[in-house]
Amino acid sequence: MFRGIRPLLRGSTYAGALFASCGALASLPLLPFAMLPTLALRSAPYGVRMGLGLLVWAALIGAVGLARTTRRALVPAARRLLRVPLPDPAPVRRPGVEPAADRWRTPLWLLLHVALGWTAALVSGVLFVAALTLPGGWLDAEAGLSLSGWTVRAQGGWSSWAMALGCALLGAAVCAAVTYALRWLAPRLLGPSSAERLALAAERERRLAERNRLAHELHDSIGHTLTATTIQAAVAGELLAADPVAARGALRGIEESARAALEDLDYVLGVLREEKTEAAPARTLADLPELLDRLRHAGAVVEPELSGDLARVRGTLSRAAYRIVQEGLTNALRHGAGGPIEVRVAAARDVLELRVVNRTGPGAGGFPTSGHGLPGLTERVRLLHGEIEAGPDGPQRWRLAVRLPVRASA
């Protein structure tokens, strides 16, 4: 209980009372329009005319709450003055189909806001004026309290001060109660509607998917580049004196690999920083020969087998196939034991087959690994509705085989 009361004893109480009073003052321009129908019923009893005027006034306030701009203005104000963590209203793709309960939340909030605002302004105002005027008897102020036949009147002295203190405390309690009510109502009536929650969830899912895709791209590109350049640097160091031409080829491969990785890295960092970046480097199966040449510069023996019309494989499928082969080659360099690396890419009319086979054994490389390679490949293949097999293929051989439907290239 004290945890809920403690914030009300700080500045948020006064800010909340100010927010409530602003709601009451904002409704004043509608009051003359609400009184117009009562002028035509001058013969009706006073209570009927006043009740009709209040109903029309409430209807006008609710009509203002139906406007979308009203909620967009109320949410930041409530967040600032009530200190309630309210998100900005999310754009809804189909605003016309939101449930009726969601459409009436803002008008209901506005009506309660105005009612509580007038309650706080009138009741606390009277109490605070009494607290100021009672002690000195200003304005001939008098106060009395009757309870079960007992009557106490403030007639100067300590009783006037006690009455003034009681009025001040009661006025502060009214402000605190109104602030607490508004803070309780704000998330329920100004918070995200069901349609906005769906929109926020969809946007969150899209961002997570994009970040996941970028993580895969970064892992595939940077991981392959670091593996290849490490081997190329070792080859260049060994051949620098004996075969300068081959050493220069290895260094050229390092340069090409690093340049390609820097392009991917700049793109990924730009997206993560939400900056406007150039289009992502679109590496497809058409770039596969260049990738294989860089591996040869690193001293690897690659035996490619490319068949079918690879140019017919385009779009997402071609880019994903390139990354899959790249990851397979990276794993072969990291964990292989030397020997030729078999690469097979076969494009049929309905299916694209990818296969990378390498030797394993006691001479396998000791590169560190994050353990995300194969799980990332499996997820990528699953999103493309394909099939993947990874595991031993006979003695001292490892095989990665992927089948992707060509229809997924849209």
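Is D393 buried, partly exposed or exposed? D393 is partly exposed, with a relative accessible area of 28%. The legends below treat this residue and others in a predicted model.

**Figure 1. Overview of the predicted chain.** The model is predicted. The chain has 410 residues, and buried residues make up 38% of them. Its secondary structure comprises 13 helices and seven strands. Among contacts with a separation of 6 or more, 73% join residues 24 or more positions apart. The accessible surface is about 23700 Å². Carbon and sulfur atoms hold 63% of that surface.

**Figure 2. The largest nonpolar core.** This core contains 31 residues. L329, V343, V345, L352, L354 and L404 have the most contacts inside it. Helices α11 (288-297), α12 and α13 (373-383) each supply at least two core residues, as do strands β4 (341-347), β5 (351-359) and β7 (397-405). Helix α12 gives the most, with nine residues. In soluble globular proteins, nonpolar side chains tend to be buried together.

**Figure 3. Contacts of L404.** L404 is one of the residues with the most contacts inside the largest nonpolar core. Leaving out residues up to four places away in sequence, L404 touches L317, I324, D350, V351, L352, L354, V381, L384 and G386. Of these partners, L352 and L354 are also listed with the most contacts in the core. D350 is partly exposed, with a relative accessible area of 49%.

**Figure 4. T330 in helix α12.** T330 sits in helix α12, which spans residues 315-335. What is the relative accessible area of T330? The value is 1%, so T330 is buried. The side chain of T330 reaches the backbone oxygen of Q326 at 2.8 Å.

**Figure 5. Salt bridge between D88 and R79.** The structure holds nine salt bridges. In one of them, the side chains of D88 and R79 meet at 3.0 Å, N to O. D88 is partly exposed, at 49% relative accessible area. R79 also counts as partly exposed, at 31%. Side chains of opposite charge can pair when their charged atoms come close.

**Figure 6. Salt bridge between D350 and R349.** The closest N and O atoms of D350 and R349 are 3.5 Å apart. D350 is partly exposed, with a relative accessible area of 49%. R349 counts as exposed, at 64% relative accessibility. D350 also touches L404.

**Figure 7. A network of salt bridges.** Which residues are linked in this network? They are E342, E389, D393, R397 and R399. Within it, the side chains of R397 and D393 meet at 3.6 Å, N to O. R397 is partly exposed, with a relative accessible area of 29%. D393 is partly exposed, at 28%.

**Figure 8. Two positive phi angles.** Most residues other than glycine have a negative phi. R83 has a positive phi, near 60°. R83 lies in the loop between α5 (68-81) and α6 (100-103). At 49% relative accessibility, R83 is partly exposed. H385 is not a glycine, yet has a positive phi of about 60°. H385 lies in the loop between α13 and β6 (387-392). At 64% relative accessibility, H385 is exposed.

**Figure 9. L200 and P89.** L200 is found in helix α9, residues 194-239. L200 is partly exposed, with a relative accessible area of 29%. Along the chain, L200 and P89 are 111 residues apart. Their C-alpha atoms are separated by 9.6 Å.

**Figure 10. R252 and R294.** R252 lies in helix α10, residues 244-272. R252 counts as partly exposed, at 43% relative accessibility. How many residues separate R252 from R294 along the chain? They are 42 residues apart, with 8.6 Å between their C-alpha atoms.

**Figure 11. A nonpolar surface patch.** F33, L36 and L39 make a nonpolar surface patch. The area of this patch is about 330 Å². L39 is found in helix α3, residues 31-39.

Conventions: Residues are numbered from 1 along each chain as its sequence is written. This is a predicted model: local features need pLDDT of at least 70, side-chain atom pairs count only at pLDDT 80 or more; totals for chains, interfaces and linings use all residues. Side-chain values use heavy atoms; hydrogens and water are left out. Helices (H or I, at least four residues) and strands (E, at least two) are DSSP runs, numbered from the N terminus. Buried means under 20% relative accessible area, exposed over 50%, partly exposed in between (1.4 Å probe, protein chains only). A polar contact is a pair of N or O atoms within 3.5 Å; within protein, one must be able to donate a hydrogen and the other to accept it, and residues adjacent in sequence count only if both atoms are side-chain atoms. A nonpolar core is a set of buried Ala, Val, Leu, Ile, Met, Phe, Trp, Tyr and Cys residues joined through side-chain atoms within 4.5 Å. Contact means heavy atoms within 4.5 Å. Accessible areas come from the Shrake-Rupley method with a 1.4 Å probe; for residues, only the protein chains shown count as cover. Patches are made of residues with over 30% relative accessible area and no salt bridge: like charges are joined within 9 Å, nonpolar side chains (Val, Leu, Ile, Met, Phe, Trp, Tyr) within 5 Å. A salt bridge is a side-chain nitrogen of Lys or Arg within 4 Å of a carboxyl oxygen of Asp or Glu.
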